[in-house]
Amino acid sequence: MMNIPASSTLSAAGPGSPDGRTIAVSIVEDDPEARGLLEDWLNAAPGFRCASTHPDVPSALAGLPGERPDIVLMDINLPGGTGIECIGLLKPQMPQTQFLVITVYDDANSIYQALEAGATGYLLKRTSKEELFASLRLLQAGGSPMSSGIARRVAQAFQVPPVTAAAAEEELSDRECEVLDLLARGHAEKEIADEMSISRHTVHTYIRRIYEKLQVHSQAQAVASYSKRQQRKAT
């Protein structure tokens with residue numbers, strides 16, 4: 001749910017797009033209250049309109065390529081898949097559309113997976129209404145809006161002192177190693193959850209910890225680290 005005071009008012013005025021066009025925004029959000037609130041905000045704001053709403057990944061995949069909105073507001077935890085997977089599938093079909101993640105997840109794993117999939121910005125759901133619309137305008141003008149805490153995490157990724165891959169891998173738990181092994185075999189999060197008889201949320205947590213321990217920011221980097229580890233074991 002969006003954590004916004006009911007009295008929050010939209011700062012005003014002006015077209016949504018720098019060229020004066022109305023910005024068409026679609027929403028992919030499973031929470032009906034949050035989805036309705038965002039839709040109402042968009043339709044009441046000068047220079048914006050809600051192009052469509054989708055409660056899950058299958059609906060978004062079926063509808064958005066034909067709707068071609070300027071911006072898609074995308075949650076991460078969705079029925080039928082994740083918002084990150086959805087962005088990865090849609091971005092090649094909709095290269096002109098900008099995807100703005102809006103979620104409760106602020107971990108490095110989610111941030112980097114979303115950006116790698118094709119998201120142009122990343123906001124937390126506690127973002128105020130004013131900040132949301134400022135971010136939408138910035139996005140349409142060519143910027144990459146991020147909540148302040150998210151931007152800090154991105155910056156910190158380039159400031160972490162390096163550790164050896166071997167030392168980091170020694171810190172992985174048996175379950176984390178099992179998840180990493182399945183990732184290396186090409187399994188998706190849902191398949192890993194089924195294989196290990198755990199929830200997708202738990203898989204997501206394991207992957208986040210793996211990324212943090214290995215100091216990587218993508219599945220490809222984690223798998224590469226794992227492959228090097230296997231090569232070292234074989235020698």
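Q: What is the strand order in the open sheet, and how do the strands pair?
A: This is a predicted model, to start with. The open sheet has five strands in the order β2-β1-β3-β6-β7, and the pairing is parallel.

Q: Which strands stand at the edges?
A: β2 (48-54) and β7 (121-124). Each has a single partner strand, so one side of each has no neighbour in the sheet.

Q: And what does the twist average from one strand to the next?
A: The average is 25°.

Q: Let's look at β1 and β2. How many bridges join them?
A: Six bridges, in the parallel sense. β1 covers residues 23-28.

Q: Which residue in β2 is the bridge partner of Ile 27?
A: Thr 53 is the partner of Ile 27.

Q: OK, helices. Which strands does α2 lie across?
A: Helix α2 (residues 57-67) lies across β1, β2 and β3 (71-74). The angle between α2 and β2 is about 145°.

Q: What about α3, which strands does that helix touch?
A: Helix α3 (residues 83-90) packs on the sheet and touches β3 and β6 (98-103). The directions of α3 and β3 make about 155°.

Q: Switching to helix pairs. How do the axes of α4 and α10 cross?
A: Helix α4 (residues 108-117) and helix α10 (residues 200-214) cross at roughly 90°, and their axes come within 8 Å. That makes α4 roughly perpendicular to α10.

Q: Which residues meet there, in α4 and α10?
A: From α4, Asn 109, Ser 110 and Gln 113. From α10, His 204, Ile 207, Arg 208 and Tyr 211. By class, this contact has two nonpolar, four polar and one charged residues.

Q: And α8 on α10, at what angle do they pack?
A: Helix α8 (residues 174-184) packs at about 95° to α10, with the axes 10 Å apart. So α8 is roughly perpendicular to α10.

Q: Which residues of α8 and α10 meet?
A: Arg 175, Glu 176, Val 179, Leu 180 and Leu 183 in α8 meet a set in α10 that includes Tyr 206, Ile 207 and Ile 210. The contact of α8 with α10 has seven nonpolar, no polar and four charged residues.

Q: New topic, the largest pocket. How much space lies in it?
A: About 480 Å³.

Q: Which lining residues lie nearest the centre of the largest pocket?
A: Thr 82, Ile 84, Glu 85, Gln 113 and Glu 189, out of 24 lining residues. The α4 contact with α10 also involves Gln 113.

Q: Which elements each supply at least two residues of the lining?
A: β4 (77-78), β5 (81-82), α3, α4 and α10.

Q: And how do the lining residues divide by class?
A: Nine nonpolar, eleven polar and four charged.

Technical notes
Residues are numbered from 1 along each chain as its sequence is written. This is a predicted model: local features need pLDDT of at least 70, side-chain atom pairs count only at pLDDT 80 or more; totals for chains, interfaces and linings use all residues. Side-chain values use heavy atoms; hydrogens and water are left out. Two strands pair if DSSP finds at least two bridges between them. Helices (H or I, at least four residues) and strands (E, at least two) are DSSP runs, numbered from the N terminus. Axes are lines fitted to C-alpha atoms, for helices over the stretch in contact, and angles run from 0 to 180 degrees between N-to-C directions. Contact means heavy atoms within 4.5 Å. Angles under 35 degrees count as roughly parallel, over 145 as roughly antiparallel, 65 to 115 as roughly perpendicular and the rest as oblique. Ala, Val, Leu, Ile, Met, Phe, Trp, Tyr, Cys and Pro count as nonpolar, Asp, Glu, Lys and Arg as charged, and the others, Gly among them, as polar. On a 1 Å grid over the protein atoms alone, a cavity is a set of points where a 1.4 Å probe fits but cannot get out, and a pocket is an open set with protein on both sides within 12 Å along at least five of seven lines; lining residues have an atom within 4 Å of a point. Grid points are joined across faces, edges and corners, and a volume is the space filled by probe spheres set on the points.
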